[in-house]
Amino acid sequence: MYTPVYPQANSQAESSNKLIVNNLKKRLDEKKGKRAEELPFVLWADSTTSKVATSQTPYSLVFGAEAMIHTEVVIPTTRYLLQSQENNGRILAQDLNTIDELRDLAKIRIAAHQ
């Protein structure tokens, strides 16, 4: 979508969309006609992959914490095994307290990257 108010965002959106489309094409070459089934996996991979400009994942910039991928639950990792309801609440509160700082650092990195 084109926004005349903030034209820099247009190239960023195009770049992100191009990345998603390219990843979809790669996955769809193997699985003919299953775009609807593959799209959630491609979008999840994109939102949980660190970006060069920010050195953060889009997920962490939105929610303030790193996502735990499904594989970590199916094949329990140390990170998963050490989680408890109380510990998770404490860590989440700490992450929410520092999310503004994380976003500010990402903005600085983006400016330096450009």
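Tyr-59 and Phe-63 are 4 residues apart in helix α3, and so they are separated by about one helical turn. An α-helix has 3.6 residues a turn, so residues three or four places apart point the same way. The model discussed here is predicted, and helix α3 covers residues 58–63.

A pair of aromatic rings is described by the distance of the centres and the angle of the planes. By the pairing rule, the count comes to 2 aromatic pairs. An angle under 30 degrees would count as stacked and one over 60 as edge-to-face.

Trp-44 is partly exposed at 38%, and Phe-63 is partly exposed at 47%. The cut-off for a buried residue is under 20%.

Helix α2, which spans residues 35–47, also contains Asp-46. Is Asp-46 buried or exposed? With a relative accessibility of 12%, Asp-46 counts as buried. Apart from its neighbours within four places in sequence, Asp-46 is in contact with Ser-16, Leu-19, Ile-20, Lys-51 and Pro-58.

Helix α3 is also a packing partner of helix α6, whose buried residues pack against α3. Those buried residues are Asn-87, Ile-99, Leu-102 and Ala-106. Helix α6 runs over residues 85–113 and has a kink of about 45 degrees, centred on Thr-98.

The whole chain can now be considered. The protein chain has 6 helices and 0 strands, and from the N terminus its elements follow the order α-α-α-α-α-α. Of its 114 residues, 18% count as buried. Among contacts with a separation of 6 or more, 39% are between residues 24 or more positions apart. The accessible surface of the chain comes to about 8,800 Å², and carbon and sulfur atoms account for 60% of that surface.

Methods: Residues are numbered from 1 along each chain as its sequence is written. This is a predicted model: local features need pLDDT of at least 70, side-chain atom pairs count only at pLDDT 80 or more; totals for chains, interfaces and linings use all residues. Side-chain values use heavy atoms; hydrogens and water are left out. The bend at a residue is the angle between axes fitted to the seven residues ending there and the seven starting there. Helices (H or I, at least four residues) and strands (E, at least two) are DSSP runs, numbered from the N terminus. Buried means under 20% relative accessible area, exposed over 50%, partly exposed in between (1.4 Å probe, protein chains only). Contact means heavy atoms within 4.5 Å. Accessible areas come from the Shrake-Rupley method with a 1.4 Å probe; for residues, only the protein chains shown count as cover. Rings of Phe, Tyr and Trp (its six-membered ring) pair if their centres lie within 6.5 Å; planes under 30 degrees apart count as stacked, over 60 as edge-to-face and the rest as tilted.
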